[in-house]
Amino acid sequence: MLGGVTTTLLISILSFLSGTAVGLPLGFLRVYGGRVAGILVDGFEKIFRGIPELVLMLLFYFGLGFYFPMPFKNAFFTVTFVLGLRSAANQSQIFRGAIRGVGDEQMVAASSLGLSRLRSIGYVMVPQVFTFSTPGLGSEYALLVKDSSYAFVIGVLEIMEITDRIRKATLDTVTPYVIAAFLYIALTFPIATWLDMWGSRRKKRLGL
Amino acid sequence: MTGQVVMESRHLWKIYEKHLIAVKDVSLKISEGEIKLIFGPSGSGKSTFLRCLAMLTIPDKGEVFLRGENLMVQGVDVNKARAKIGFVFQHIWLFRHLTALGNVELALRHVLKMPKEEAREKALEALREVKLEEWAHHYPAQLSGGQQQRVGIARALARNPDIILLDEPTSALDPELIGEVIDTLRDLAKKGTTMLIVSHEMPFAREVASEMIFFDEGRIVETGTPEHFFTEPGSERAQKFMARLIKKTRSE
């Protein structure tokens, strides 16, 4: 069971981080990148938010995996990859809202000092954008923990798959699921709440 | 008083959409050590003009020179030019996630590429100039409006810019906080800082301005010494505007 918890955590954390790595630039592209970039980012968001992650996982694992066994026949990789893309689409939207919330004035003030656009984004916008995004990022992380349970359909040894195996072995159809339910709550609730509280405190202190 | 020309605009235009002309054919020169003050009704294009000078808004026509270099030519590094122009905003716009020191330090570190120690030293010196050294480690939200604007001034002057442009630096402040900002500006004036100020603080203008510029409907209507405007403004519009301002100042 402990192995399952570790795998669930790994999938969630890795897909969350890759979602941030892709979603943050996309959010800025959407706001400052001009029309064409805006349309492209919008399309990306629509695709990965619109298609159920289960469909994507199966499509990548069986479909792409048939042509490119490396890396898509690795179920752990495919699950993390798909959830990472989905999360990038979600986070891009979260960050876009936060960028608007921080306000263009901060960019103007930064450029007035002679900072380039990229530096203004890096030194002035990004730190504030993260503070603004904490509630959204908290629920996004919780969503990833929950959605990582889909991984069991392609056989990744995470909480759900192990639960299912225990059910098959013991023929107990209640206890394993109740335990799984508690595990998921334990993995989502504290981190999401802590992020939210940290963000609110910081927002209050900075007057954001 | 007639040193080298620091900043100049020649026939500058800014047009928003087709019919909304914010700046009409404005030509202006500011020389080393001069303090010029722009005033005029709200919506007359003063702020837009100031932003055009710093290339924060790109003008549509005309030329902007900083120490003889035309900033409107293609291929000019605008960021490099902005690094030599200090800008103080009406609504201050400090970086909220940085302390007063962090706000002043940012450009020193990442535009002028000073080493950490040197940037800190220089930033503290700028904060000392606006008498806020003890507040260096406070965040903007922990400072009063007047203190925030003084940090804004420190942020603008820390790089030793060629000129400081100030866009109504006191008009968003509560009346009781205006004095401390004016005092700071007076100190800068005494040190011979080259400044172009949009302001309606008439007593201050009378004290420090070498020239006053009356702006209306996007263009310069009249220029002259403060004495000229206080005693015998030529244009009717300037007369009316001055009369209203003086009445308002008296009632305060």
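Student: What makes the packing of helix 2 (residues 34-50) and helix 5 (residues 75-102) of chain A oblique?

Tutor: Their axes are 8 Å apart and the helices pack at an angle of about 125 degrees. Axes here are lines fitted to C-alpha atoms, for helices over the stretch in contact, and angles run from 0 to 180 degrees between N-to-C directions. Angles under 35 degrees count as roughly parallel, over 145 as roughly antiparallel, 65 to 115 as roughly perpendicular and the rest as oblique. So helix 2 of chain A is oblique to helix 5 of chain A. Helices, by the way, are DSSP runs of H or I with at least four residues, strands are runs of E with at least two, and both are numbered from the N terminus.

Student: Which way does helix 2 of chain A cross helix 5 of chain A, left-handed or right-handed?

Tutor: Left-handed. That label applies if the near helix is turned anticlockwise from the far one by less than a right angle, and right-handed if clockwise.

Student: Which residues make that contact?

Tutor: From helix 2 of chain A, A:Val41, A:Phe44, A:Glu45, A:Phe48 and A:Arg49; helix 5 of chain A brings A:Leu85, A:Arg86, A:Ala89, A:Asn90, A:Ser92 and A:Gln93. Being in contact means that two C-beta atoms, placed from the backbone, lie within 7 Å. By class there are five nonpolar, three polar and three charged residues. Nonpolar covers Ala, Val, Leu, Ile, Met, Phe, Trp, Tyr, Cys and Pro, charged covers Asp, Glu, Lys and Arg, and the others, Gly among them, are polar.

Student: Before I go on, how far can I trust the numbering and the values?

Tutor: Residues are numbered from 1 along each chain as its sequence is written, and chains are lettered from A and ligands numbered from 1 in the order in which they are written. This is a predicted model, where local features need pLDDT of at least 70 and side-chain atom pairs count only at pLDDT 80 or more, while totals for chains, interfaces and linings use all residues.

Student: Why is helix 6 (residues 104-112) of chain A called roughly antiparallel to helix 7 of chain A?

Tutor: The axes come within 9 Å and cross at roughly 150 degrees. That angle is what makes helix 6 of chain A roughly antiparallel to helix 7 of chain A. The crossing of this pair is right-handed. A:Gln106, A:Met107, A:Ala110 and A:Ser111 of helix 6 of chain A meet A:Ser120, A:Val124, A:Met125 and A:Gln128 of helix 7 of chain A. That contact has four nonpolar, four polar and no charged residues.

Student: What does chain A look like as a whole in secondary structure?

Tutor: Chain A has nine helices and zero strands. Its C-alpha atoms fill a box of roughly 70 × 45 × 25 Å along the principal axes.

Student: How do you know that helix 3 (residues 100-110) of chain B is mostly covered?

Tutor: Nine of its eleven residues are buried. A residue is buried if 20 or more other C-beta atoms lie within 10 Å of its own, exposed if 12 or fewer, and partly exposed in between. Among the buried ones are B:Leu101, B:Val104 and B:His110. The buried residues of helix 3 of chain B pack against helix 7 (117-147) of chain A, together with helix 4 (116-129) and helix 5 (145-157) of chain B.

Student: How many residues of each chain are in contact across the two chains?

Tutor: 20 residues of chain B are in contact with 20 residues of chain A. On the chain B side, helix 2 (78-82) and helix 3 are the elements that give two or more residues. The residues on that side divide into 13 nonpolar, four polar and three charged.

Student: Why is B:Arg219 called partly exposed?

Tutor: B:Arg219 has 17 C-beta neighbours inside 10 Å, so B:Arg219 counts as partly exposed. B:Arg219 sits in strand 10 (residues 219-224) of chain B and touches B:Lys24, B:Asp25 and B:Val26, leaving out residues up to four places away in sequence.

Student: What makes strand 2 (20-31) and strand 5 (69-70) of chain B edge strands?

Tutor: The open sheet has four strands in the order 2-1-4-5, with antiparallel pairing. Strand 2 and strand 5 of chain B each pair on one side only. Pairing needs at least two DSSP bridges between the strands, and eight bridges join strand 1 (residues 5-16) of chain B to strand 2 of chain B.
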